[in-house]
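Dear colleague,

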Amino acid sequence: MHNEVPLFSVPKGMYLLSHSVGCLPMQTSSVVAKSYFTPWQQKGGDAWPEWLSIIEQFCHELGMIFNANEADFCPQLSISSALSQYLQSLGQQPNKSKRTVLMHATAFPSLGFAVQGLEKYGFTLKLIDKDIAPNDLDAWQVHMTDDVAVAVITHVHSNSGELSKIVEISKLCRAKKVRVVVDIAQSAGIIPIDLQDWQADVVVGSCVKWLCGGPGAGFIWINPAHVDELWPKNIGWFSHENPFEFDIEHFAYAKGAKRFWGGTPSILPYASAVVGIQQIRKIGVSNIYAHSKKLQSIVLNSTATYLTNTIKLEESGGTLCLALNNNLLDRLANELTQSNVYFDRRENSIRLSWHIYNTEQEARKVANIFHCL
Ligand SMILES: Cc1ncc(COP(=O)(O)O)c(C=O)c1O
């Protein structure tokens, strides 16, 4: 990355917060000005065809990066909202006695809240205890009682960086006729994902983190084999098979995932997200992954002895979640702050994320900060 034209606007200091917000690609503002603001400026309401083509482009980019069909994606407000929409779309099937949603207690809380918000519709949240490893297949098996309708699997956990064994857990789910939802918030853009390998029922994600697309561009992917059995509740004219029919007495669900769309769609976050995904695809997710792992290993090689957790780089995402005893944690946080490092803390660990715009020099600097503690 050195001596080259920078591809991203990286805040001054050392930016290690890509698990929260990925950096802005250099071209985003000019591309968005052209694709979103100029048509608005020049054509007002006649900008819609161009604006809607942004959504088409967005779904196309998702299809390309995750090896899936663009028709199977639909924009969503957020990941939790997408999960809520999906659960509500199940209608009468599964039946009333099969409405439990299973996830590990270290899933992102917002997904658990989404299920709790549907308690009055008969859904119940069931958690695998946080002291059980998220990849403990026996635990998933034991927890998949007959009442479990849906299992939510976090591809990469935000507070540990741990990668889930999607294929193995999904296989258990399929054997028990439990639907699988995978949350790719912390893996999209950093871990190569091939949706054909997973054959999940649903995948939910957003573009704000490793895809460098900014907040607001959530999405859902629905397995085309089951989409016609889903009846979303939160619908609007863009969920209709023909949005421009304008007959209030006739509603027919759109074919495929777009039935999850709703009313007049939001465009601006997707205009920005398209640029992020294009930039990430151009660099290549496997190149980003390899670069991130190289930097992570520099840090880990010289810090592992200080840690109270064990990190296996091949079983984690782009974030090093370094657990330390409290005294060391405070000193490290202090030193990192003094050195202008962007990072955050969760429970007893410090989260440091390594993207393509981070450098070996930065990784060595973090390793040195440890040595000076
Ligand atoms: C694993 C994971 N899932 C989901 C989210 C966010 O979900 P939502 O888009 O509903 O805010 C995050 C945010 O940090 C996350 O780390």
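Predicted model: local features only at pLDDT ≥ 70, side-chain atom pairs only at ≥ 80, totals over all residues.

The domain assignment divides the protein into domain 1 (30-281) and domain 2 (284-371). Their centres, taken over C-alpha atoms, are separated by 30 Å. At the boundary, 15 residues of domain 1 are in contact with 15 residues of domain 2. The side of domain 1 that touches domain 2 comprises eight nonpolar, six polar and one charged residues.

The largest nonpolar core contains 104 residues, and Leu 83, Ala 151, Val 152, Val 181, Ile 220 and Trp 221 have the most contacts inside it. Leaving aside residues up to four places away in sequence, Ile 220 touches Cys 74, Gln 76, Ala 82, Tyr 86, Val 202, Val 204, Ala 257 and Phe 260.

Helix H8 (residues 268-283) has 16 residues, which at 1.5 Å a residue should span 22 Å; the end C-alpha atoms are 24 Å apart, which agrees. Twelve of the 16 residues of H8 are buried, among them Tyr 270, Val 274 and Ile 277. The buried residues of H8 pack against several elements, including helix H1 (28-43), helix H2 (48-66) and helix H9 (285-303). Gly 284, which follows H8, has a positive phi near 100°.

Around the ligand, the shell has three nonpolar, eight polar and one charged residues. Among the residues there are Phe 108, Asp 183, Gln 186 and Gly 218.

With kind regards

Terms used
Residues numbered from 1 in each chain as written. Near = placed C-beta within 6 Å. Nonpolar A, V, L, I, M, F, W, Y, C, P; charged D, E, K, R; others polar. Domains from an automatic or database assignment. Contact = placed C-beta atoms within 7 Å. Core = buried A, V, L, I, M, F, W, Y, C linked by C-beta atoms within 7 Å. Buried ≥ 20, exposed ≤ 12 C-beta atoms within 10 Å, placed from the backbone. Helix = DSSP H or I, 4+ residues; strand = E, 2+ residues; numbered from the N terminus. Expected span 1.5 Å × (residues − 1).
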